[in-house]
Amino acid sequence: AKKLKILRPAIVLALLKLYQRLATLPLPLDTVSPRISAPSSPSLLDRKLPHLITTIVNRLKSRMNSNDRDVARATLSKMAASLGPHYLPLFVSQLGVTLNEG
């Protein structure tokens, strides 16, 4: 049987806040390397965010429980509000890819 990895919305929001906080922390000078500090390398938030969004969007497909969908919608709106308009295209693309109906 295929195992499904389910993250609770509260955990997803906590992870999002953690990734945002880590992105703003300054690195000690002795640990800065050109590979890490290069502008072309994506931040931890940019690498993990698509998975977090997909995890919540998959909850929108729940046909069994409308409460799951309500929680997923609220979580997505909190995530989008927390991140700002810069990340809105990522949310829209993940919604478009995952939700084929409705």
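Q: What makes L16 a buried residue?
A: The relative accessible area of L16 is 0%. Buried means under 20%, exposed over 50%, and partly exposed in between (1.4 Å probe, protein chains only). L16 therefore counts as buried. Residues are numbered from 1 along each chain as its sequence is written, and side-chain values use heavy atoms, with hydrogens and water left out.

Q: Which residues does L16 touch, not counting those up to four places away in sequence?
A: L16, in helix α1, touches L45, L49, L52, M79, S82 and L83. A contact is a pair of heavy atoms within 4.5 Å. S82 is 66 residues from L16 in sequence, with 8.8 Å between their C-alpha atoms.

Q: How many helices and strands are there in the protein?
A: There are 5 helices and 0 strands, in the order α-α-α-α-α along the sequence. Both kinds of element are DSSP runs numbered from the N terminus: helices are H or I of at least four residues, strands are E of at least two.

Q: How do you know what span is expected for helix α3?
A: The expected span is 1.5 Å times one less than the number of residues. Helix α3 covers residues 44–59, which is 16 residues, and the expected value is 22 Å. From first C-alpha to last, α3 reaches 23 Å, close to that value.

Q: Which residues are buried in α3, and what covers them?
A: L45, L49, L52, I53, T55, I56 and V57 are buried in α3. Their cover includes α1, α4 (66–83) and α5 (88–98).

Q: Why is N58 called partly exposed?
A: N58 also lies in helix α3, and its relative accessible area is 35%. The C-alpha atoms of N58 and L95 are separated by 9.0 Å, the two residues being 37 apart along the chain.

Q: What makes R59 and D68 a salt bridge?
A: A salt bridge needs a side-chain nitrogen of Lys or Arg within 4 Å of a carboxyl oxygen of Asp or Glu. The closest N and O atoms of R59 and D68 are 3.5 Å apart, and the pair therefore meets the definition. R59 is partly exposed at 22% relative accessible area, and D68 is partly exposed at 22% as well.

Q: How do you know that R73 and D70 are separated by about one helical turn?
A: R73 and D70 are 3 residues apart in helix α4, which means a separation of about one helical turn. Their side chains meet in a salt bridge of 2.5 Å, N to O. R73 is partly exposed at 45%, and so is D70 at 40%. The whole structure holds 2 salt bridges. Side chains of opposite charge can pair when their charged atoms come close.

Q: What makes the nonpolar surface patch?
A: L18, L22 and L25 make a nonpolar patch of about 250 Å². Patch residues have over 30% relative accessible area and no salt bridge; like charges are joined within 9 Å, and nonpolar side chains (Val, Leu, Ile, Met, Phe, Trp, Tyr) within 5 Å. Areas come from the Shrake-Rupley method with a 1.4 Å probe, and for residues only the protein chains shown count as cover. L25 has 45% and is partly exposed; L25 sits in the loop between α1 (9–24) and α2 (34–37).

Q: Which elements have the lowest and the highest mean pLDDT?
A: The lowest mean is that of α2, at 48, and the highest that of α5, at 91. Over residues 34–40 pLDDT stays under 50, and the model has 4 contacts there beyond four places in sequence. Where pLDDT is low, the predicted coordinates should not be read in detail. For the protein, the mean is 78, with 77% of residues at 70 or more.

Definitions and conventions. This is a predicted model: local features need pLDDT of at least 70, side-chain atom pairs count only at pLDDT 80 or more; totals for chains, interfaces and linings use all residues. pLDDT is the predictor's confidence in each residue, from 0 to 100.
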